[in-house]
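User: I'd like to learn how to read strands, sheets and salt bridges in a model. Can you walk me through one?

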Amino acid sequence: MNIVVLSRNSQLYSTDRLIEEGEKRGHKMEIIDPLKCDIIIEKEKPTIFYKDRYLDYVDAIIPRIGSSVTFYGCAVVRQFEMMGVFTIVTSDAIQRSRDKLRSLQRLSKAGIGMPKTVFTNYSRDVEEVIEHVGGTPVIIKLLEGTQGLGVVLAETKSAAESVLEAFNGLQARVIVQEFIKEAGGADLRALVVDGQVVGAMKRQGKEGEFRSNLHRGGSANIIKLSHDELKLAMSAAAALKLPVCGVDMLQSSRGPLLLEVNSTPGLEGIEKATGRNIAKAIISFIEKNKR
């Protein structure tokens, strides 16, 4: 097959591994920068032009769309969909997952456990917002933030008020979540492919850091998920219609709680922590669906 990885950086670990595994299985692999694609809209003939050619030979795509280019990246994915090309995640599913509020609303309706969360329209009644999630400490998150950026732990009421007032002043949309103390600065990342968990790791934040992101100096180790954790990961992926995704959750005294679902999960941390060949599983998923 002709498989395209939509990526702006050919040097990224995830992009390189997908190319490597695809070529091992006999496919013609290509990296294409979605921002350099021209979308040509014509009656009954949707096409994409890239550099010096039309991309009318592509059988499947693997979107690696960064959050900063969601709008145009998803437009390119959508155009491939209009051309009948298979994609491991649809443009609609990527957009759903990128909107933290929208995705949490869908996940809540699906009956998935999560930390108590409040969203408000620049409310000046900060004290009431804090009380809705059980008081301080609280987590305050920008609706559009990745790799731990735009996430603040406010340990006191005055700190929470200051942070919320600052975000409100900047007209930045935020959500407020209860702080799960017993998680101990750690979270779980489950990698889902074809609706099944193919690898899981526990990420631990460095000392004094409540965020466990590997990009922020955290460490990761392989972990065997409990039945409830497996069920949560697969249910969350299904609720957002993401056959391939990363599901982040916390271990709490009331069971696993969902943090967020990532439609373009990095492969480096989880492959190195678990020793699992996640890239191969993704290529196999494409082969299964193209057959």
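Analyst: Let's start with pairing: two strands count as paired if DSSP finds at least two bridges between them. Keep in mind that this is a predicted model. Here, β8 and strand β11 (residues 174-178) run antiparallel and are joined by three bridges. One of the contacts to look at is T117, whose bridge partner in β11 is Q177.

User: Which sheet does that pair sit in, and what is its strand order?

Analyst: An open sheet of four strands, ordered β8-β11-β9-β10 and paired antiparallel. From one strand to the next, the twist averages 25°. Helix α6 (residues 157-169) lies across β9, β10 and β11, at about 10° to β9.

User: How many strands form the open sheet with β12 in it, and in what order?

Analyst: Five, in the order β14-β13-β12-β15-β16, again with antiparallel pairing. Its edges are β14 (219-222) and β16 (255-262); each has a single partner strand, so one side of each has no neighbour in the sheet. Twist averages 30° between one strand and the next. Strand β15 (residues 244-252) is tied to β16 by seven bridges, and L250 has L257 as its bridge partner in β16. Helix α7 (residues 227-239) lies across β12, β13, β15 and β16, and runs at about 140° to β15.

User: Now salt bridges. What should I look for, and how many are there?

Analyst: Look for a Lys or Arg side-chain nitrogen within 4 Å of a carboxyl oxygen of Asp or Glu. The structure holds 17 of these salt bridges. Take R203 and D248, whose side chains meet at 3.3 Å, N to O. This pair links distant parts of the chain, with R203 in strand β13 and D248 in strand β15, 45 residues apart. R203 and D248 are both buried.

User: What about R17 and E20: how far apart are they in helix α1?

Analyst: Three residues, so about one helical turn separates R17 and E20 in helix α1 (residues 13-24). Their salt bridge spans 2.9 Å, N to O. R17 counts as buried because its relative accessibility is 11%, with the cut-off for buried being under 20%. E20, at 34%, is partly exposed. R17 and E20 also belong to a salt-bridge network with E21, K24 and E271.

User: And R53, which residue is its salt-bridge partner?

Analyst: D52, with the closest N and O atoms 3.2 Å apart. R53 is partly exposed at 26% relative accessibility, while D52 is exposed, at 60%.

Methods:
Residues numbered from 1 in each chain as written. Predicted model: local features only at pLDDT ≥ 70, side-chain atom pairs only at ≥ 80, totals over all residues. Heavy atoms only, no water. Helix = DSSP H or I, 4+ residues; strand = E, 2+ residues; numbered from the N terminus. Axes fitted to C-alpha atoms, helices over the stretch in contact; angles between N-to-C directions. Contact = heavy atoms within 4.5 Å. Buried < 20%, exposed > 50% of the residue type's maximum accessible area, 1.4 Å probe, protein only.
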